[in-house]
Amino acid sequence: MLIGTPSEQTEKRAGGGAAREGFAAKPGVAAHRQSHIVWVLRSIGGWFDNKVVGPAANPDAAEDFRVDWYRILPFMAMHLACVAVIWVGWSPIAVGAAFAMYVIRMFFVTGFYHRYFSHRTFKTSRVGQFLFAVAGNSAVQRGPLWWAAHHRHHHRVSDQEDDRHSALQHGFFWSHVGWITSKKNFATNLDAVKDLAKFPELRFLNRFDNVVPVLLGVSMFLLGVALEGWAPSWETSGFQMLIWGFFISTVAVAHATFSINSLTHMVGSKRYKSTDESRNNFLLALLTLGEGWHNNHHYYPGAARQGFYWWEIDITYYMLRVLSAVGLIWDLNAVPPHVRDANHLA
Ligand SMILES: [Zn+2]
Ligand SMILES: [Zn+2]
């Protein structure tokens, strides 16, 4: 029978001879400590440079489902920072900034991280592509290649065992926030996004994916400081603008986005016959500017619109139409009517 800590047991299994000589436990503990320190350093390094974490760049190779607590300290701190609203208070300008930053950045996530980078449902220039990637990156949902690679994988194996955020397979909590905080899912599988990874500027942004968020947070703070001096009657401050305009709106965008991974595979109605549990959900479509039409989207992911009928409100699509009208993007893919009207469940 093996007695001792798990690492001591491993040591005994691996090197029985050494264990009999009575000094097996110490090297086992030392090795464990050493690998723990390496993990901590790599995780903290990942705050600044993604390349430090997951050299294989292939999440399929890593089977570690544990939460990377050190890596997600900034993510947790972001949530904790929202509590500071108790001390900074509120003002119409700060709450307005939070709302505006929510809508704008939700649009950049849905319109570009999702409908452009993940699904290529329309075209833009190389400069436009980079600027929209920066805009999407400001929502603090990691880099465009990471986002698109994981999302394409989700569509390939939706609600099957290998789906990284299937509520059906792994439950609500894992599908909402567990998968995104686990060691397994920090690396970017570049093979899944070869069409995007060929652009060095996108690889750079993906590697240093916290630069844009930090710059945005600092800008919000400085805007508050400036307003305090220029327009004292607005009664805001640097910290108030930082908490509302950056932290609260970022956390709200994050959880609204996560709800598409979790809730739209659980709650809502199904229009199309599909092999997964994707649903259409009006409330989530409003909150996420159109992404709640998730059953539509899984049925035909190649369309720039996800509300397939006029009554299915899809604000992202309306905004994409505006960008198309002014020439910043073009060739928006439509859903063919014969495809849209076929395969209905009832
Ligand atoms: Zn889905
Ligand atoms: Zn999708």
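The expected span of a helix is 1.5 Å times one less than its number of residues.

**Setting up**

I am working with a predicted model, in which local features need pLDDT of at least 70, side-chain atom pairs count only at pLDDT 80 or more, and totals for chains, interfaces and linings use all residues. Residues are numbered from 1 along each chain as its sequence is written, while chains are lettered from A and ligands numbered from 1 in the order in which they are written.

**Whole chain**

I looked up the secondary structure and got 18 helices and 2 strands. Helices here are DSSP runs of H or I with at least four residues, strands are runs of E with at least two, and both are numbered from the N terminus. Of the 346 residues in the chain, 39% are buried. A residue is buried if 20 or more other C-beta atoms lie within 10 Å of its own, exposed if 12 or fewer, and partly exposed in between, with C-beta atoms placed from the backbone. Next I checked contacts, meaning pairs of residues whose C-beta atoms, placed from the backbone, lie within 7 Å. Counting those between residues at least 6 apart in sequence, 66% join residues at least 24 apart.

**Helix α7**

Back to the span rule. The 12 residues of α7 should span 16 Å at 1.5 Å a residue, and the end C-alpha atoms are 16 Å apart, which agrees. Which residues of α7 are buried? I found Gln129, Phe132, Ala133, Gly136 and Asn137. They sit on the same side of α7, because they cover an arc of only 145 degrees around the axis. The arc is that of the directions from the helix axis to the C-beta atoms. The buried residues of α7 pack against α6, β1 (123-124), α8 (144-156), α12 (200-207) and α13 (211-230).

I then picked out asparagine 137, which lies in α7 (residues 126-137). Asparagine 137 counts as buried because it has 27 C-beta neighbours inside 10 Å. Leaving out residues up to four places away in sequence, asparagine 137 touches Gly143, Pro144, Leu205, Asp209 and Val212. Its C-alpha atom is separated by 9.0 Å from that of valine 211, 74 residues apart along the chain.

Over in α12 I looked at arginine 203. With 20 C-beta neighbours inside 10 Å, arginine 203 counts as buried. Again not counting residues up to four places away, arginine 203 touches Leu145 and Ala197. From arginine 203 to leucine 190 is 13 residues in sequence and 9.4 Å in space, C-alpha to C-alpha.

In α17 (residues 315-325), Thr316, Tyr317 and Leu320 are buried. These line one face of the helix, because they fall within an arc of 95 degrees seen down the axis of α17. Val322 and Ala325, on the other side of α17, are exposed. What do the buried residues of α17 pack against? My answer is α6 and β2 (329-330).

How are α6 and α17 set to each other? They are roughly perpendicular (a label for angles of 65 to 115 degrees; under 35 is roughly parallel, over 145 roughly antiparallel, the rest oblique). The packing angle is about 80 degrees, with the axes 9 Å apart. Axes are lines fitted to C-alpha atoms, for helices over the stretch in contact, and angles run from 0 to 180 degrees between N-to-C directions. At the contact, Phe107, Thr110, Gly111 and Arg115 in α6 meet Thr316, Met319 and Leu320 in α17.

**Positive phi**

- Leucine 289 is not a glycine, yet its phi is positive at about 60 degrees; leucine 289 lies in the loop between α15 (282-287) and α16 (294-299).

Methods
Contact = placed C-beta atoms within 7 Å.
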